[in-house]
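Hi everyone, thanks for coming.

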Amino acid sequence: MHPRAGASLSRRRFLALSAAGAATGAATLSGCAMQVSSGVGGGGETVTLMAKPDDFPPELVRQARKDLGVKIVTVRYDITKLIGMMTNGAPPDLVRGVGATDAPYFAARDVMEDLDPYFAGSGVLDVGDLDPVNDLWRFDGRTQGKGPRYGMAKDFSQDSMYWYNTALFDRAGEAHPPETEPVTFEEWLETAGRLTRRENGQTTVFGGSYNGVLTPNLLASLTVAAGGSLFTDDFSRVDFTTPEARKALNWYIEYGRARVGPSIVQPDPNTWDGPTFQANRMAMSNSGYWLGGLINSDKKLAPHARLAPAPVFEGGRRVSPCQAGTGLWMPRKARNKDAAWRVFEWFFGEGPAKARAAGGWGIPTLKSLRPLMPAQEDYQKRVLKVQNAELKHFSVIAYTPYATADSLYALFNQEAPAAMNGHLSVDALAGRLNSVMNEQLKRGKEQVG
């Protein structure tokens, strides 16, 4: 699956594989900009880091210079720019990425540095301390979750879990979801319908939002929960016509048709769940533990916000995956790898990691940092109890290396509105998705080899 040893990476070849950054849709996972502790000293090197502004804000750049003696030059993340930098022989030293979908895609193209030797020699990042979510950043040439480590997640959520607002449940006379036992997806959708409020044709309260991080990996997760796999064994094709994939697709289309939450046919003006949930205009949000960083900052909302397990399908599997695992990776042709690794260690294992853990912005990806998760208030202890019980249901859901999630997301958004608006059957939609997505995957497989 990897190019032959020493093969050059042409711009034409990589652009053909990438679909050149088709529509982006995921909410940015923000970094925390709190004060950090002292780290390893440095020798005045410069590290170029490609990230989104919230991943590595200016105050963190200044702190890295103070703690490490390393100057960090940030470049705004853009896949087309990244490809250009790599094919011109001047890649960034570190790049942000979404482990759940980016790791197999870039690893299959042999542009990521194998970090196993770095972890083996690290005095900061102990492989035995890594949470299993970091296996999203492993790829053995065929399957995600096995083989060398190519990156690390900065924090994570089990993104099929959902928050709910007890005040809105009580106002509607709805019983609260169980704390450690999952409801079914069918029950979740029915409850969302009863919680939805409309006035003069406008939705004033969304009963529930269930869009995941990005639709393709949400559908992959839903299909596994239904007992199957969205992808064929070699990840070269999707099949939405299998009973499990069709069940997942049907549920998500029914969610869109019911108009109980934001979707491509009923967008949320806020563009993501956080502000709407905070404004008491959304009763449930499947944002996972990560949303606790926002909730903890709102002392009026926090006592009413609770976390619930990922739903299950009747007769399906209980799974609670991470659909993101955002972190950093190092390009194979990076010019300043030693300094980049010092920044990597500091960001993932020292001050910044401790600050993120204490703020509730996701679960720490080092198990040793879990005691820092917020647990001062009773409602925080309650959330932590639910989250800790859910950890045993985590599993890596492998994603295809042959297409970006963004490119498949764009294809889904092209075909699905007709079905959500009732103008296309789910069976017809499944056929269309198979056709357009498998053509994309075929091109990717041909390019990778």
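Let's start with Asp 110 and Arg 332, whose side chains meet in a salt bridge at 3.8 Å, N to O; by that I mean a side-chain nitrogen of Lys or Arg within 4 Å of a carboxyl oxygen of Asp or Glu. This pair links distant parts of the chain, 222 residues apart: Asp 110 sits in the loop between α4 (99-108) and α5 (116-120), and Arg 332 in the loop between β12 (326-329) and α12. Helices here are DSSP runs of H or I with at least four residues, strands are E runs of at least two, and both are numbered from the N terminus. Asp 110 is partly exposed at 23% relative accessible area, and Arg 332 is partly exposed too, at 33%. For the cut-offs, buried is under 20%, exposed is over 50%, and partly exposed is in between, with a 1.4 Å probe and protein chains only.

A quick word on the source: this is a predicted model, where local features need pLDDT of at least 70, side-chain atom pairs count only at pLDDT 80 or more, and totals for chains, interfaces and linings use all residues. Residues are numbered from 1 along each chain as its sequence is written, and side-chain values use heavy atoms, leaving out hydrogens and water.

Next up, Arg 342 and Glu 45 form a salt bridge at 2.7 Å, N to O. Arg 342 lies in helix α12 (337-349) and Glu 45 in the loop between α1 (11-18) and β1 (46-51), so they tie together parts 297 residues apart in sequence. Arg 342 is buried, at 16%.

Finally, the whole structure has 16 salt bridges.
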